[in-house]
Amino acid sequence: MSIFYIDGEFVDASNATLPATDLSILRGYGVFDFTRTYGGVPFRLSAHLRRLQRSAALIELDCPWDIEELAEIALETLRRNSFVEAGIRLVVTGGESANGFLPSGKSRLLVMATPLDGLPRSAYAQGARVATVEQTRNLPEAKTINYIPGITAQITARRRAPDAIEAIYVVDGKAVEGTRSNIFILAGGGWITPEADLLPGITRAEVIELLGGEDAVDMRDITLEELYAADEAIITSSTKEVVPIVKVDEATIGAGVPGEHTKRLMRCWREMTEAFASAGMVM
């Protein structure tokens, strides 16, 4: 059983509750962030916490905890659990509301540590499939708890392709990102990733560095036609890491197997995370 931090207290997950009057329940008003551990150490914790604060600011949600406070609570939550590797989710809710619409109390902080759950090995060894869904989203740069667009996109994607591991948002003919991931394609010998109207992924930023930095990656819009015609494609996220994509909708990417550039990147990712775990550096 997991131990969660709920609004100032550490409790068993089975006893973790919020008042029904919290705006996260009444109106879906809140933000969150998520990271995972390597060697028991939260990956790029400070970057995730800064993004949590930025998400709160974008939706004008009060987030009174500074980075050091958030980090200590997250680490203490992790210490109170005994997972080999864990996922850590931090949530800032809108708190109480006198009229059921606008916040009238203090924001609440939740921190949840759970066993890490990932994709099957076959997704990495053989590559995976994604499906595209035309979907317009509000404030994609903020990681809010309103995941209705993501859930409906996933349902639509899996209805079209039951083996799809992710739904890719398409806006005005452009492939932007996944519901819980960022996308990259290899075309003309270089890597390309969208830059605008998306959540700036922490894993995405690390992958860009592994590829040589922003000067080595073409950061621009990717049309749906370009995605279908890509030589190689990947999605990236904290839980999925780097996943080779070999099919998008009905289009086969490259030779239909993970490409050499992707496999090299996956090896670099593994080497980097192993070094991170060995170093044991939290922030």
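Me: Which residues form one aromatic cluster?
Reply: Y38, F43, W269 and F276 make up one aromatic cluster. This is a predicted model, in which local features need pLDDT of at least 70 and side-chain atom pairs count only at pLDDT 80 or more, while totals for chains, interfaces and linings use all residues. Residues are numbered from 1 along each chain as its sequence is written, and side-chain values use heavy atoms, with hydrogens and water left out.

Me: What makes the charged end of R36 sit over the ring of Y38?
Reply: A charge sits over a ring if NZ of Lys or CZ of Arg is within 6 Å of the ring centre and within 35 degrees of the ring normal; the charged end of R36 is 3.8 Å from the centre of the Y38 ring. The charged end of R80 likewise sits over the ring of F10, 4.0 Å from its centre.

Me: Why is the pair of Y5 and F10 called edge-to-face?
Reply: Rings of Phe, Tyr and Trp (its six-membered ring) pair if their centres lie within 6.5 Å, with planes under 30 degrees apart counting as stacked, over 60 as edge-to-face and the rest as tilted. The centres of Y5 and F10 are 5.2 Å apart and their planes stand at 65°, so the pair is edge-to-face.

Me: Why does Y5 count as buried?
Reply: Buried means under 20% relative accessible area, exposed over 50%, and partly exposed in between (1.4 Å probe, protein chains only); Y5 has 12% relative accessibility and therefore counts as buried, whereas F10, at 27%, counts as partly exposed.
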